[in-house]
Amino acid sequence: MRPVYEKYFRDNIPHIWCAGCGNGIVMSAFARAIEKLGYDQDDVMVVSGIGCSSRMTTYIDFNTLHTAHGRALAFATGAKLSEPRLKMFVIMGDGDAAAIGGNHFIHSCRRNIDITAIIINNAIYGMTGGQYSPLTPTGKKATTAPYGNIDRAFDIVELSRGAGATYVARGDIYHAAQLTNQIVDAANHKGFSVLEVVSTCPISYGRYNKMPKPTDMMQYIKDNTVSVQKAATMTADELKDKIIIGEHFKIENVPEYTEEHNKLVAEVKKDYLEKLKGGAK
Ligand SMILES: Cc1ncc(C[n+]2csc(CCOP(=O)(O)OP(=O)(O)O)c2C)c(N)n1
Ligand code: SF4
């Protein structure tokens with residue numbers, strides 16, 4: 001029997017992803033989540049930038065835009081403002097979201113526009129051969145940090161919180177069933193929702209960091225993820241280098257940007273029409 005979510009894929013396989021890449025797991029979780037949400041395919045829009053993860057928009061069959069590196073949120077903001085009915089998702093790599101697109105990211109958080117941003121964090125620039133990103137952990141190796149990265153990484157949860165996002169969760173590709181539900185929950189949040197997905201890039205990251213096999217990276221995620229609930233019972237020392245997964249925060253009833261924008265447009269229109277009626281030149 002054909003799986004029910006097959007309808008969400010375009011017929012353009014083979015894909016470009018390497019064997020063992022985490023992107024496929026995120027893509028299938030996304031398709032399952034859309035099925036659970038019950039959205040009509042034509043009401044869903046998915047926007048991506050550039051990178052291995054961003055290629056997803058060429059494989060899934062929704063309204064899709066494959067845009068410029070770091071600019072997916074800007075395109076999505078424009079599309080959402082002009083078609084507020086769209087269920088808007090943005091898929092980004094860690095470099096895409098936090099380096100070249102970092103500015104768009106923080107401003108999307110502060111605007112609270114109703115977009116679900118999925119950041120596939122494989123800790124590296126995968127597509128261009130393994131340059132370190134703002135999410136590469138300190139000490140890890142990259143082609144641009146052959147002796148180890150001395151930068152400190154962003155924590156997407158705290159970055160989003162500080163920038164004003166109203167929903168932030170973190171998932172991972174090892175807990176794939178949970179990931180599907182996390183995409184559903186993020187989509188159901190009204191406002192800007194951020195879902196960081198800890199993923200794998202065995203080729204451009206694992207090979208340089210003693211995890212050459214995809215299963216090594218999976219094992220790493222399995223061994224180092226801790227739920228938000230369990231983390232609350234652990235000390236800072238115990239939590240060092242752990243990846244805390246689950247819903248980190250949710251703030252309801254914050255004005256949503258598209259609605260505020262439309263209210264403003266209606267007011268300005270009314271004002272203008274009244275002035276016209278009153279004979280103002
Ligand atoms: C403006 C611009 N600068 C640089 C590039 C080259 N480039 C393409 S993909 C990429 C990095 C992608 O890394 P990431 O966003 O983490 O996604 P991944 O490939 O790991 O999924 C870079 C630097 C580009 N396409 N456009
Ligand atoms: S380079 Fe890394 S991120 Fe890109 S397809 Fe290969 S494994 Fe995936």
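Helices here are DSSP runs of H or I with at least four residues, strands are runs of E with at least two, and both are numbered from the N terminus. By that count the protein chain has eleven helices and eight strands. Its radius of gyration, taken over C-alpha atoms, is 20 Å, close to the 19 Å that the globule rule (2.2 Å times the number of residues to the power 0.38) gives for 281 residues, so the chain is as compact as a globular protein of that length.

This is a predicted model: local features need pLDDT of at least 70 and side-chain atom pairs count only at pLDDT 80 or more, while totals for chains, interfaces and linings use all residues. Residues are numbered from 1 along each chain as its sequence is written, and chains are lettered from A and ligands numbered from 1 in the order in which they are written.

**Whole chain.** Show the C-alpha trace along its principal axes: the atoms fill a box of roughly 75 × 50 × 35 Å. Of the 281 residues, 42% count as buried; that label requires 20 or more other C-beta atoms within 10 Å of the residue's own, exposed means 12 or fewer, partly exposed is in between, and C-beta atoms are placed from the backbone. Contacts are pairs with C-beta atoms, placed from the backbone, within 7 Å. Among contacts with a separation of 6 or more, 66% join residues 24 or more positions apart.

**Two backbone points.** Select Ala123, in the loop between strand 4 (115-121) and helix 6 (156-163). Its phi is positive, about 70 degrees, although Ala123 is not a glycine. Ala123 counts as buried because it has 26 C-beta neighbours inside 10 Å.

Finish at Asp241, in the loop between helix 10 (236-239) and strand 8 (243-250). Asp241 also has a positive phi, near 65 degrees, in a residue other than glycine. With 8 other C-beta atoms within 10 Å, Asp241 is exposed.

Methods
Contact = placed C-beta atoms within 7 Å.
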